[in-house]
Amino acid sequence: MDLFKIQVGKKLNQNLDMKKIIFISILSICLFNSAIAQNKADVDTPTLKNSGQIIDLENTAINYSKSDRDALKYGSKLEVMDALFGQIPGLNISQGKGVSFTQNPSFTLHGFKPLVLIDGIPRDVNDLIIDEVEDVIVYKDAAATAIYGVRGAHGVINIITKKGRNQKKLEIGTSYQYGMAPKFRAPEFADSYTYARSLNTALAADGIDQRYSALELDAFKNNTYPEAYPNIDWYNESLSDFEVNHQFTFDVRGGKKTFDYYALIAYSRNQGLFEHHNEDDRYDNQLLDTRLTMRTNIRVDVTKTTEVKVNLQTRMKEFNSPNSYDKIIDNIYRTPSGAFPIKSDGIWGGDVNFGNINPIAALSSNGHYKKMANTLNLDVSLAQDLQMITDGLSATVLYAIDNNGVLNEQSELNYQYIDLNPTILPDGTLVTDPIIYGDNSKTLSHDSGIKKTYFNSYVDAILSYKKSFGKSKVNANFIYNMQSNEVTGQNQSRKRQSMTGSLAYSYNKKYFIDLVASYAGASAVQLGDRFDTYPAVSAGWVISEENFFKPGAISYLRVNGSFGYSGWDASTPYDLEKLYYKSGKKGFATLGKKGNILGKGGWSESDLPTNNLRIEKMRRITFGADLNMFRSRMSISADAFYNKRYNVLLESTNTTSSVLGLPVRKQNDGIYNYRGVDLALNWKDNLGHFSYEFGGTLSFTESEIVENNEGFKPYDYLSRKGNSINQAYGLEMDGYFANQEDINNSPVHTFYPVSPGDIKYKDQNRDNVIDQDDIVKMFTPTVPELYYGFHINLKYKNLSVYANFQGVGNHTVSLLNSSLYKPLVNNSNISNTFLQNEIYWTEENSDKATMPRLTTVQNSNNYRNSSQWYRNASYLKLRDLRVGYTFNNPTGFLSSIETYVSANNLFSIDNIDFADPENIKDNYPSLRYFWAGLNIKF
């Protein structure tokens, strides 16, 4: 069997004009709802229940976790994952970094990026907003992940969007919230006098002439010549105090017995931190992020036995910024306060030592960048009750398409900058020798075009049998699935195909068993080896239903376990199994008539191909228990897992003999083990008008390298087998060199010529040489092993208070990720953040030093992974705090009005005081959000 190409007619053409898209989409949704509404009165048939439901959550041994709906309701930001910090055990989320357009939270399940489904269809969670979501269900069970074949190994998150309801009254809701987001833990850079003095100190330690004279230091200190010797806070000159955000949503929800619908329109606009300095009216370089989301979900009973569902979502994003905004952030961190003025004689300031890095010039006179991303997601399903064949039999066919496109627009121009070359004569007179570099662009260059397109199609054909036989219940499914993901670029597209059988059986609500077998294949593997079988089994036992169980404090107790296999094809690139030839100098010489060599050339073999290329697999074993206590006020869930990941592609350089003469490509040799526990506890109760809820989750995941193709290691401590995959490694610091005598009497440090004040390392193998053989395991992994969260939800009559805390543990980070801890290196800056928290080495304070000497060069002895730089990066954050008050039935036509204020990322308890522990790199600043909002329901 082979994968075959899916053809869906012509791909949808995308019109990327924002106004036209908005108008057409709104008009289409309105017309679609109107047409269905006109016909719904003609259909009076019973609803086809649970058609094509692969996992029946009420009748399964499969273990799963669900989100707290209040967490989704109270989420103040648009992104779905921002509302789930610490809410679901095993789901580990880190806040997004960068400007708003790229500030999507990252998330893993037990350390892996999971498969994300939207209503059962693989899609990007970043295309959703919180208001669209009804439930979030997480599957870590072996039987559940086996269903998804070559995409299930990393776990599965299924996000259920809101649907219509069978109800008498139409629900109409609208909301608006206004937000302000100041910077969270912004760095503070040194003033020009402190910078100049520190630079002189560093140059002296490097044996280089000092740059600034005593008179020039005084000019910085006293602001004598503010243009030639300026004092500019580039960070605050370039960035405003806070972002501003507006969010608006409008939705409707309703339905009858045979028809229901849900529709939403959401708009947001975010104005970023860059100060708007634009000096050219031919383009707009303001930092803006504008988004429009529209959704319509409709279900119709066409006949008594036929049901049709249509889900349509479109989302448009437009991001506008100064040109090369990421480089501007780098320059803000890099540019010292005394380097040059913002402008001089109407020309942008610059310096021969720093080049053209003036942040304000880049914000004002370097053009703009615009990115427009548009998504259209459509899925249609037809479910047919086949009771005419046998009772309980049904069939479902689902077809989904996603069409995404990204359009870029960019303008660029050059500008002049001036280097004043100032000096101060002994009598205090300022002398300058200005040099102007570059040219001002006479024309504005402009470029636009489609950067990337995606076209995904998805087909499910499901035959289901669901029936009760006395105390027994059976839910059997046969699923045929076909997926195609087409992306611009070579070897980017993927196709998948699978046939899956599942059987869920339960008896008397006490005993549950699920059997799954998926026969699935992926296009990345060569023909003939594309398909494999992924079996799994899950079993559950509700002990509290047994006659011998005597109810007391525990009212419900269930245990469960699972064992099975699943695959992951996303880590398998194309063409590893093929042999290629490449041009080169080897070959035959071409001779002329006189025997002279005219040229030479030919073809030679490339790397040897991968033998028996296979899909990465996961063998999963899980055990769990769920119990309710104290009349169901307390609920506890505990899960333990042991997973083996194998067939991981690894480089073969260290395990292949050079006798072959050619390198060997990656091989499926990698083996890693993962084990851990997930815990969740919740207490919920009412005391009259007062209700309260306390809940918490904890996840611990430990990994182990079994095989990593590291080859021979001369010392046992150099081997990484048996260690965590993300273990921190480095040299063990042994103080600082006190003087030249100390250097002479110490092991030879081979990474860079050392001087007094440089870091001294421990000689692990006692060969009197410090080199790569002295690197050892140290501290905890660079990815958190412990992840936890807890929330408080209080309600008194119409007043509500909600707080959500989240933290991580067993986490190590390197200070070298921040340029603040490599001060003055390669013409960089120095910060008060560094100077106030650390003491750099000098002869006078050598006994108190916490940092090596200052240096202006990239000292590879000092600035490398070592115990000097690693820090405990554990933290506890208040992710969300919300206070709301609801007015019920304030008028005859209003159902409720809720007003609220909320905050996000309010504080952090950690050991990284100078920066956000999740964002210590030189990125766009982390933010603290404050919101005020209004929700109205009609």
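Student: What's the strand order in the open sheet of four strands?
Tutor: This is a predicted model, and in it that open sheet runs β13-β14-β17-β20, with mixed pairing.
Student: Okay, which strands are at the edges?
Tutor: Those are β13 (343–344) and β20 (435–437), and each pairs on one side only.
Student: How do β17 and β20 pair, parallel or antiparallel?
Tutor: Strand β17, residues 417–419, pairs with β20 in the antiparallel sense, over three bridges. As a spot to look at, Asp419 stands opposite Ile435 in β20.
Student: Switching over, what's the order in the open sheet of five strands?
Tutor: That one goes β1-β6-β7-β4-β5, and the pairing is mixed. Its edge strands are β1 (64–66) and β5 (121–122).
Student: And which residue in β6 is the bridge partner of Ser65?
Tutor: Val138 is. β1 and β6 (residues 133–139) pair in the antiparallel sense over three bridges.
Student: New topic: how many cavities of 30 Å³ or more are there?
Tutor: The count comes to 12.
Student: What kinds of residues line the largest cavity?
Tutor: Three are nonpolar, six polar and five charged.
Student: What about the second largest cavity, how much space is in there?
Tutor: About 150 Å³. It has 17 lining residues, and Lys77, Gln95, Gly96, Gln103 and Tyr929 are the closest to its centre. The lining splits into five nonpolar, eight polar and four charged.

Key
Residues numbered from 1 in each chain as written. Predicted model: local features only at pLDDT ≥ 70, side-chain atom pairs only at ≥ 80, totals over all residues. Heavy atoms only, no water. Pairing = 2+ DSSP bridges. Helix = DSSP H or I, 4+ residues; strand = E, 2+ residues; numbered from the N terminus. 1 Å grid on protein atoms, 1.4 Å probe; cavity = no way out; pocket = protein on both sides within 12 Å on 5 of 7 lines; lining within 4 Å. Points joined across faces, edges and corners; volume = space filled by probe spheres on them. Nonpolar A, V, L, I, M, F, W, Y, C, P; charged D, E, K, R; others polar.
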